[in-house]
Amino acid sequence: LSDEGHIRAEELELYTLGALPEEEAAAFKAHVAGCGECAMKLAQAHGSAALLAFAAKQEKPAGTIKAELMARIRARSESEERLAWPRQSNTQVPIGEQETTKERAKTRRGWNWMLAPPALVLILVSFDLAWQNRKLAAELAKEKQASETVARQAEEIAKLVRVLAAPDTLTVKLAGTGAASNGIGVVKYNARLGLVAYSAELPPPPAGKSYQVWLVPAKGAPISAGLVRTNGRATGSLWSVEVPASTVAKGFVVTIEAADGAAEPRGPKVLAGAS
Amino acid sequence: VFYQPWRNAKRIMPEPCSLAGWMLVATRKRAIAKLRRKNCSNEELQEREVVLSADLETHAAQNLLVEKVRTVMASLPEGELEALECAYFEGMSDAEMAERIGQLREAVRTRIRSAVETVKKVLS
């Protein structure tokens, strides 16, 4: 040390170059640790000495060195993250603690085996719950569909009651004609509500055909009032028909048409009635 | 050497430590440890503070610095240059240098100090 109690310049330079004997270097380190002035001088001396590196011949690093470095960084980071569990993955494991961390990792592996049976049970329970959940979801969907059907039927019945109960509902009796001379039917039509209730007794239609009900207005072309898709026995069938306001129904006819119905009556007439 | 500052720059290099300076010091220590077949742990590379007065940010500045360093090294007396090279590039202690050069330790220390002073003057 100098007379002022600080590191001498000569020692500073030798220490910076790593040329100070070990004993002197230890005393030097101890002093610098507690002396801000000398620590700053040392930092500057390190900076000056570092530049001597530029006296060496400059070598261009191999083209692959960056990729190799990044691969090593990735591999080391992944390895540290595994060892650091349950620490947060971005937490650095200090060098001195790495052995302790490895011991912890061994202990964890032991715990992992002990945890295997309960984990298996949990997996099985999860599968069972998932299966039950799926079954219940299917049942719920089925119930929902049935509930919607009942609601739709209830709505149709309410409409039918409205048509039948309305004082301005027109009743048209239908009589069989042609091939279905024994057929019989009745139509309830309410122009204000735009609803047609139809009931009839007819033999089943020919294969690939359907019975179609037509409203025959006082003026203009017949308007389709509904399609009897299943068979000739239709009881309480109800259709909404779009007819121009104040359309007066001259009568109703039933014809045999294609299975999906027709835009205008072309097939043979099986029932007819005038209002 | 690259890995440490990548992971712990703030911890191992508190302000006003220079990254470039830290890398130069750490790389030299690692190279010398390899040369002398010493075990150089990561702890040894943790030079906490290196204050660099020179600008190393651009290739142009680095090239100028290389020129300056080489010029000043070439201008050193032979004995000082030899001592400086033994210390910086071979990591010799003062006793080893004294033996290599055939001088007393005090004489070696004087040469080192004189050489470093000359270099500092030119580079500052």
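In the predicted model, 35 residues of chain A are in contact with 40 residues of chain B. The area buried between the two chains amounts to about 3500 Å², and carbon and sulfur atoms account for 66% of that area. Across the boundary between chain A and chain B there are three salt bridges, together with six residue pairs in polar contact, both members of each pair being at pLDDT 80 or more. On the side of chain A that touches chain B, the elements that contribute two or more residues are α1 (9–16), α3 (36–50) and α4 (65–84) of chain A. Of these, α3(A) gives the most, with eight residues, and the residues on this side of chain A divide by class into 19 nonpolar, 10 polar and six charged.

One part of the contact between the chains involves α1(A) and helix α6 (residues 105–123) of chain B, whose axes come within 9 Å and cross at roughly 85°. Because angles of 65 to 115 degrees count as roughly perpendicular, α1(A) is described as roughly perpendicular to α6(B). The residues that make this contact are A9(A), E10(A), E13(A) and L14(A) on the side of α1(A), and R109(B), I112(B), R113(B), V116(B), E117(B) and K120(B) on the side of α6(B). By class, the contact of α1(A) with α6(B) comprises four nonpolar and six charged residues, with no polar residue.

Two salt bridges between the chains can be described in terms of individual residues. In one, K120(B) pairs with E13(A), the closest N and O atoms lying 3.7 Å apart; this pair crosses between chains, running from helix α6 of chain B to helix α1 of chain A. In the other, R109(B) forms a salt bridge with E24(A), for which the closest N and O atoms are 3.0 Å apart. Over all chains, the count of salt bridges comes to 11.

Within chain B, α6(B) also packs against helix α4 (residues 78–90) of chain B, the axes of α4(B) and α6(B) coming within 8 Å and crossing at roughly 90°. The two helices, α4(B) and α6(B), are therefore roughly perpendicular. Here G79(B), E80(B), A83(B), L84(B) and A87(B) of α4(B) meet R111(B), I112(B), S114(B), A115(B), V116(B), T118(B) and V119(B) of α6(B), and the contact contains seven nonpolar, three polar and two charged residues.

The contact is formed by R28(B), I32(B) and L35(B) of α2(B) with A87(B), Y88(B), F89(B) and E90(B) of α4(B), and its residues are five nonpolar and two charged, with no polar residue.

Key
Residues are numbered from 1 along each chain as its sequence is written. Chains are lettered from A and ligands numbered from 1 in the order in which they are written. This is a predicted model: local features need pLDDT of at least 70, side-chain atom pairs count only at pLDDT 80 or more; totals for chains, interfaces and linings use all residues. Side-chain values use heavy atoms; hydrogens and water are left out. Axes are lines fitted to C-alpha atoms, for helices over the stretch in contact, and angles run from 0 to 180 degrees between N-to-C directions. Helices (H or I, at least four residues) and strands (E, at least two) are DSSP runs, numbered from the N terminus. Contact means heavy atoms within 4.5 Å. Ala, Val, Leu, Ile, Met, Phe, Trp, Tyr, Cys and Pro count as nonpolar, Asp, Glu, Lys and Arg as charged, and the others, Gly among them, as polar. Buried area is the accessible area (1.4 Å probe) that two parts lose on being put together, summed over both. A salt bridge is a side-chain nitrogen of Lys or Arg within 4 Å of a carboxyl oxygen of Asp or Glu. A polar contact is a pair of N or O atoms within 3.5 Å; within protein, one must be able to donate a hydrogen and the other to accept it, and residues adjacent in sequence count only if both atoms are side-chain atoms. Angles under 35 degrees count as roughly parallel, over 145 as roughly antiparallel, 65 to 115 as roughly perpendicular and the rest as oblique.
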